[in-house]
Amino acid sequence: MRAKLDDYFSVVFEPELIEEILKVGTLKQIKEGELMIDVGDDLTHVPLLLSGAIKIIREDKNGDEIVLYYLERGDSCAISFANCVHNRKSIFRGIAEKDSEVLIGSKMKE
């Protein structure tokens, strides 16, 4: 896990932050088609995608899905970060497009 973090995130994270992520982060396997997060879920973590792909979707007022973007190896979800910091529930759905490996960082303490 350290090698993947160093490889994908060392250009944006300081070594001390990577160490902290390794201490408190949880590795999660998400199979193709599984939800990473759904509309209305409490946002308590920020995902760091180590492998795979996650489709981020929002529903319009008619219930139709609108694809916002895809997370790929080395990405994190900006919406998750913003909503987690502000203690908001999810307004989007994240579905694995293929088997994915996600490092879940705990919510920041106040």
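Select strand S3 (45-59), where 12 of the 15 residues are buried, so that the strand is mostly covered. Buried here means under 20% relative accessible area, exposed means over 50%, and partly exposed lies in between, with a 1.4 Å probe and protein chains only. Strands (E, at least two residues) and helices (H or I, at least four) are DSSP runs, numbered from the N terminus. The model is predicted: local features need pLDDT of at least 70 and side-chain atom pairs count only at pLDDT 80 or more, while totals for chains, interfaces and linings use all residues. Residues are numbered from 1 along each chain as its sequence is written, and side-chain values use heavy atoms, with hydrogens and water left out.

Then move to the hairpin of S3 and S4, which has 5 residues between the strands. Gly63 in this hairpin takes a positive phi near 90 degrees.

Now turn to helix H3 (residues 78-85) and show its buried residues, Ser80, Asn83 and Cys84. Viewed down the axis of H3, these buried residues fall within an arc of 100 degrees, so they line one face of the helix; the arc is that of the directions from the helix axis to the C-beta atoms. What do the buried residues of H3 pack against? They pack against S3, where contact means heavy atoms within 4.5 Å. After H3, select Asn87, whose phi is positive, near 55 degrees.

Helix H1 (residues 2-9) is the next stop. Its buried residues are Leu5, Tyr8 and Phe9. They cover an arc of only 85 degrees around the axis, which puts them on the same side of H1.

The tour ends with the salt bridges, each defined as a side-chain nitrogen of Lys or Arg within 4 Å of a carboxyl oxygen of Asp or Glu. By this rule the count comes to 7.

- Select Glu101 and Lys4, whose side chains meet in a salt bridge at 2.4 Å, N to O. The pair links distant parts of the chain, with Glu101 in strand S5 (residues 93-106) and Lys4 in H1, 97 residues apart. Glu101 counts as buried at 12% relative accessibility, whereas Lys4 is partly exposed at 30%.
- Select Asp38 and Arg93, whose closest N and O atoms are 2.7 Å apart in a salt bridge. Asp38 lies in the loop between strand S2 (35-37) and S3, and Arg93 in S5, 55 residues apart. Arg93 counts as buried, at 14% relative accessibility.
- Select Lys55 and Glu97, a salt bridge with the closest N and O atoms 3.5 Å apart. Lys55 belongs to S3 and Glu97 to S5, 42 residues apart. Lys55 is buried at 18% relative accessibility, while Glu97 is partly exposed at 34%.

Finally, show Asp38, Glu59, Glu65 and Arg93 together: these residues are linked in a network of salt bridges.

Notes: Pairing = 2+ DSSP bridges.
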